[in-house]
Amino acid sequence: MTEELNVGRSDPAYMAHAYLTKVPVPAIIPFIEAHALPGQTVLDPFAGSGMTGVAAAMTGRSARLYDISVLGQHIGSNYVNLVDGHLLAKYATEVVESSKNQLGDIYAIQCLRCSRQGNLVKTVWTIMVQCGSCGVSVNYYRAMEAANWVKPEMVCPSCSASVSSRNRRVGEEPVLDYIDCRCRSTQIEQASQRPVLGIDIESLPYPRVEITPDRQMYKASALGKSGLTTVASFYSERNLAVLTTLREEISRVADDQIGRKLFFAFTACLTRASKRYQWSRQRPLNAANANYYVAPVFYEWNVYELFLRKVTAVARSDEWISGIRKKYVAGAEVRPDVTYEISSAENIPLPDNSVDYVFTDPPFGSNLFYADMALFQEAWLDGFSDVEKEAVVDRSRDGKRSAGRYEDLITSALSECRRVVRPGGSISVVFGNSSGRMWALVQRSIRNAGLAIVPESLTILNKGQRSVKGLASGFEHVATLDLIITMVAAEGDPAPLTHIPDGEIARAVRQLANSNQGTTPSHLYLEMLRTAIRNGWMLDELDLSVITETLTQDGWTIQPKTGCLKRGDAKDSFTDLSSMPASSADDSSERFVANPLFS
């Protein structure tokens, strides 16, 4: 298998529905093709959004998917619920019209330019904060506007005391509307007109689900302070009404496959339809899927337009999956043999030696809390993930989900994979973390499960970066790349692990940095992990921070635009990977771009 796999995050399936830490289908297909023959069965016991199932279906393999996530099952099952795009669009239009019949033209708005009726595209909302000096309510957006968009210079218009987003939030106000109107070919920006619903929101069956204080994301996002302690509180009343009636109308669709696919599109637009969609002066910043953050200025989007656009994206995903499946499978119109069940990875409900290959992507320790974030969509579904079974490490000291419990769960899951995979079958696990302690935990789990790592099959997974912060995050001690570890059943007792020799980390980092100028700290960290794993070293002391401290001491810095390393005191050092002559690349590291068929 290749040394590094470079894939994008923009294929039609990836774009159809968001889910935390999805592995793109083009990253999974090479592994399935290498380890399972057409017609054989692939297992994923931490299935998440079901990308392993999609990759298996596209290449003519069967898949058995398991996870504790109700949201994951909903998403993964519907990815391979392939339907006719024209029929899907027809039903989508009908459910939108039925919702409008219930609510009236809820996004109709007067154009202040021509006085005719226009259609609302989005509204910009701002928080109101209380001045700490005089106690008046301050419109955050207007205060920022008065300060020429320089946040440190924001002041209370009443007493000129400094204000910021840290001031107590005391409400929300709309400030701008963006509308479509016949009087102009482009969107019109105008002063906001506070919506008048004309409907009793409490009479609608919207989800009445609390986000309780025991949730890690309740603490991390300070929900108690902001008052956003229910799922419904993250929506404007107008959008909550539209979403509720849309769900009702989708439930009435007689065609089961189409109805489930429409609901797939519905859950895909829930985050964007909420207050979590950030505003910026330059362009919308989208909504973060890893937290419950509501920015001081945010968007309220037209849900009907979001939904119909998502339906189009979902149809595009189906077309893409079906198109590639036809290249692999004779009679590809036959439904894919992919099942998805709610089950813990510690107890896989399959007989011994019943699958041919395992590809899985378990949660990365304490980085993300999937069940907490899934609650946002699961509030609209028929069930909730069992938080007690989640493979995470609590950030609080008194958390029940300890590192020891996480290690036991990963060990049990890998033992189960070893039990159900056929003799000679392989198991590939995706893992990423910046902590040597977490890597050592995985290392021990692999050995305790009776598995052995195939040294030549340690592949760096590079899904690309999306932001300047992501590019520079190597110096923020956040790993931005993952490692795919392939294992087989061990023969005999494993050789004992040894400590990393004194000074070896610094020596190896310097060698790698000098021979890979233009790379990133995360690349160097993964290269060091591969070296350590192949040498049988204990990984406890191999933190990303150790790598970055060595780089900093040697004068390396991060280029803001690329996230690549450069050293200011070296006249001949390369400052960008793209500026490196081909002959200067490190020949020992084969770089692989996924099959263009899937890009």
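Mentor: Let us begin with a term. Helices are DSSP runs of H or I with at least four residues, numbered from the N terminus. With that numbering, helix 12 gives five residues to the lining of the second largest cavity, the most of any element. Please keep in mind that this is a predicted model.

Trainee: What is the volume of the largest cavity, and which residues lie nearest its centre?

Mentor: The volume of the largest cavity is about 380 Å³. Its lining consists of 34 residues, and F46, A47, G48, D67 and D361 are those nearest the centre. Two or more lining residues come from each of helix 3 (51-58), strand 13 (355-360) and helix 12 (370-378). Helix 12 supplies the largest share, three residues.

Trainee: How does the lining of the largest cavity divide by class?

Mentor: The lining of the largest cavity has 18 nonpolar, 10 polar and six charged residues.

Trainee: What can be said of the second largest cavity, its volume and its lining?

Mentor: The second largest cavity has a volume of about 130 Å³. Of the 14 residues that line the second largest cavity, L20, L71, N289, M373 and Q377 lie nearest its centre. Helix 4 (70-79) and helix 12 are the elements that give two or more residues to this lining. By class, the lining of the second largest cavity has nine nonpolar, four polar and one charged residues.

Trainee: Let us turn to helix packing. How is a crossing angle turned into a description, for example for helix 5 and helix 10?

Mentor: Angles of 65 to 115 degrees count as roughly perpendicular. Helix 5 (residues 85-103) packs against helix 10 (residues 256-268) at about 70°, and their axes are 10 Å apart. Helix 5 is therefore roughly perpendicular to helix 10. The crossing of helix 5 with helix 10 is right-handed.

Trainee: Which residues meet where helix 5 packs on helix 10?

Mentor: From helix 5, L87, L88, Y91, A92 and V95 meet I258, K261 and L262 of helix 10. The contact of helix 5 with helix 10 has seven nonpolar, no polar and one charged residues.

Trainee: At what angle do helix 16 and helix 18 pack?

Mentor: Helix 16 (residues 504-515) and helix 18 pack at about 65°, with axes 10 Å apart. These two helices are therefore roughly perpendicular to each other, and helix 16 passes helix 18 in a right-handed crossing. I505, A506, V509, R510 and A513 in helix 16 meet V546, I547, T550, L551 and Q553 in helix 18. By class, this contact has seven nonpolar, two polar and one charged residues.

Trainee: How do helix 17 and helix 18 cross?

Mentor: The axes of helix 17 (residues 521-535) and helix 18 (residues 544-553) come within 10 Å and cross at roughly 120°. Helix 17 and helix 18 are therefore oblique to each other, and their crossing is right-handed. In the contact, P521, L524, Y525 and M528 of helix 17 meet L544, I547, T548 and L551 of helix 18. The residues of this contact comprise seven nonpolar, one polar and no charged.

Definitions and conventions. Residues are numbered from 1 along each chain as its sequence is written. This is a predicted model: local features need pLDDT of at least 70, side-chain atom pairs count only at pLDDT 80 or more; totals for chains, interfaces and linings use all residues. Side-chain values use heavy atoms; hydrogens and water are left out. On a 1 Å grid over the protein atoms alone, a cavity is a set of points where a 1.4 Å probe fits but cannot get out, and a pocket is an open set with protein on both sides within 12 Å along at least five of seven lines; lining residues have an atom within 4 Å of a point. Grid points are joined across faces, edges and corners, and a volume is the space filled by probe spheres set on the points. Ala, Val, Leu, Ile, Met, Phe, Trp, Tyr, Cys and Pro count as nonpolar, Asp, Glu, Lys and Arg as charged, and the others, Gly among them, as polar. Axes are lines fitted to C-alpha atoms, for helices over the stretch in contact, and angles run from 0 to 180 degrees between N-to-C directions. Angles under 35 degrees count as roughly parallel, over 145 as roughly antiparallel, 65 to 115 as roughly perpendicular and the rest as oblique. A crossing is left-handed if the near helix is turned anticlockwise from the far one by less than a right angle, and right-handed if clockwise. Contact means heavy atoms within 4.5 Å.
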